[in-house]
Each structure stands twice: as C-alpha cells, then as structure tokens.
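I opened the notebook to look up a handful of local features one after another.

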Amino acid sequence: MLFVVGSAGTWQQAFYAVGYVVLALEAYFIPDWRTLTVITILPSFIILLVFKSIPESPRWLASQGRIKEAEHILRNIEKENGSNNSEVIFLKTDMTKEDTKSSQYGVIDLFTHKSVSIITVIMMFTWCVNSMVYYGLALNVKNLGGSVYINFALASVIELPSYLVTQVLLARLGRRQSLFFFLLSASVSCFMCMFLQSGQNAAAVSITALVGRFCISASFALLYVYSAELFPTVVRNAGMGISSLSARLGGIVTPFIVLLGDQRNSLPMFVFACTALLAAIAVLKLHETQGKPMPETFAELEENHPRKPKTNGDPY
C-alpha cells in the first residue's frame, strides 16, 4: 500500500510536465501574453464539474470522529474494486481526548508541539527552495542561450523520466535519502551550469540546466509524498497547506532572482545552487517514513519516531 501511495503521488506529477510542454507550444503560436493567459486558464473550469465526485479521506474523517462517513466511503471503494467483503471495517473508535479535539488543531499547533515543529520548519524551507529552483530554472531559460521555446519544452520533457527514477530510488533508498540525493544533485548541476555560462559552449550550459531541472522535478514530486507521511493526520491539512504557502512564496521571489541575470548571467544559478544545497542538508534532520504507518496524532508521531536523547559531547 505504501508503494502504491508513493507511486501515485509521484506519477501524478507527469501531467504537470505534459502541461508545461503544451504551454511551450501555445506560447510559440500565440505570442500575445494576454491571449495566452486567457487560453491557458480556461481548462481550469473543468475542475468545477468534477470536484464533488472526489471522496473525502477516510483517515481524516475517522480522526474527526465521523466514523460512519468513513465507513461509507470505504464500502464504496470495496464495491468499485469488485469486493463483496461483509466483514466489519475496524476503525479507531476508542479515540483519545486528543483525537476527539482534532478539529481544533490548526497552523499554530505546527509550531507549539515539539514533535512536529522541526518537521514544519524544515518542510517550509524545503518547499520554498524547491519552488524557487524549479520555477527559476524554467524562467532562467532566457539566460541560457538558444531558442527559449526549445529550451523550455526540453526542460519540461525531461521531467517525465525523472519520475521513473524517483520510483526506483524510493524503493531502494527511501524518502529522506532520495530527497537528499535529488536536492544535492540539483545543487551540483546549478553550480556546474554557473561556471559553464562564462564560456561559449551553449550546449553544455543547456545540458547541465536540464540535469538540474530533472533533479528538482524529482525532488518536488517526492516532497508531496514525503510531507504527507511526516505530518500526523490531525494537522496534515495544515502542514501541507503551510508547506504549499511556502512554495508560493518561493515562486514569488523567483522572478526577481532571475532578473539578477541582467547584471550577470551566472548569478541566478549561484542562488539556486546554494539554496538547494542548504535544503539538502536540512532534510537529513528528518526521519524516514518508508514502511512505517502514517501517524494519526502527535502522540503516535512521538511514539513511532522518538527524539534521540542528547549524549555527552553530542551537540545535536
């Protein structure tokens, strides 16, 4: 089941990459940015027709004490899968006081509970950096030389095989080490691209930038899976929400970082390389979640992943 969750969580990002390729084609044939903006947002209205058909998370409903609704959704899933199992679905009905008050938890609790505060800060920083580097490499194609449309399309296509590699590393290395590897590789690629930009080899610059896009795309896809597994159910929505907010903040500052290229072409890549390196180091402070049950409460998080006691001479 955990493999299925990881696989679905990463492969759904493939549609994101396909959308980027389509955007490159649209931009090539529609040079007016206003018209392009209107055309690209029209498909979003399709979501209004289908979002009500998406069921709520049974795990979240159970944590809120809405057991009957959770069981109803699970029964429907059984029917759709062709199963006629009549056994009782055992959900946690002997919920603790913390569980019954889970609806009262919010963003503030992400910083007031020691068990999750470190996770929250690291996730906020990592999501911000991922967004900044990801969109930065997309916008920075103008500083790489060659055709902007071709560079943008190639950077989008390169994302597709990155999700396949993500699947392999998830199974072999787990979440934390895979995320560390991709962030570190993205940092190294950006550093190499930065040094190559001082020369005249446009092909080498484009290749290293594509490798960086490959790694940061894999990292971004992995983040969705890893973050959801790190936060306990009672604050998972809040944790994912504030992580996404951090990503949006990273996206906001990205255009200003890319504008540094007007002063010197290598400056944006220098910023992306340094921040990706810092994020890779920060990720090592997190615990591994592969093969372990997702925590429902703060108490379960502490029980499943207790903090290591400090020893003499150990500053950490």
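Predicted model: local features only at pLDDT ≥ 70, side-chain atom pairs only at ≥ 80, totals over all residues.

Arg 213 forms a salt bridge with Glu 159, and the closest N and O atoms are 2.8 Å apart; a salt bridge here is a side-chain nitrogen of Lys or Arg within 4 Å of a carboxyl oxygen of Asp or Glu. This pair links distant parts of the chain, as Arg 213 is in helix 12 and Glu 159 in helix 11 (residues 159–196), 54 residues apart. Helices are DSSP runs (H or I, at least four residues), numbered from the N terminus. Glu 159 is buried, its relative accessible area being 0%.

How many salt bridges does the structure hold? I counted two. Arg 175 and Glu 229 meet through their side chains in a salt bridge of 2.9 Å, N to O. Arg 175 lies in helix 11 and Glu 229 in helix 12, so this pair ties together parts that are 54 residues apart in sequence. I checked burial here as well, and both Arg 175 and Glu 229 are buried.

**Ser 219.** I then turned to Ser 219, which lies in helix 12 (residues 202–230) and counts as buried because its relative accessibility is 0%. Its side chain is joined to that of Asn 130 by a polar contact of 2.7 Å, a polar contact being a pair of N or O atoms within 3.5 Å; within protein, one must be able to donate a hydrogen and the other to accept it, and residues adjacent in sequence count only if both atoms are side-chain atoms. Leaving out residues up to four places away in sequence, I find that Ser 219 touches Asn 130, Leu 179, Phe 182 and Leu 183, with contact meaning heavy atoms within 4.5 Å.

**Val 141.** Where is Val 141 found? I located Val 141 in the loop between helix 9 (114–139) and helix 10 (148–157), and Val 141 is buried, with a relative accessible area of 6%. With residues up to four places away in sequence not counted, Val 141 touches Val 148, Asn 151 and Phe 152. Val 141 and Ala 155 are 14 residues apart in sequence, and their C-alpha atoms are 9.0 Å apart in space.

**Cysteines.** I searched the whole structure for disulfides and found zero, a disulfide being a pair of cysteine sulfur atoms within 2.5 Å. Cys 190 is in no disulfide, and the nearest cysteine sulfur, that of Cys 193, is 7.0 Å away. Cys 190 is buried at a relative accessible area of 1%, whereas Cys 128 is partly exposed at 23%.

**An exposed leucine.** Is Leu 49 buried or exposed? Leu 49 lies in helix 4 and counts as exposed because its relative accessibility is 74%.

Terms used: Residues numbered from 1 in each chain as written. Heavy atoms only, no water. Helix = DSSP H or I, 4+ residues; strand = E, 2+ residues; numbered from the N terminus. Buried < 20%, exposed > 50% of the residue type's maximum accessible area, 1.4 Å probe, protein only.
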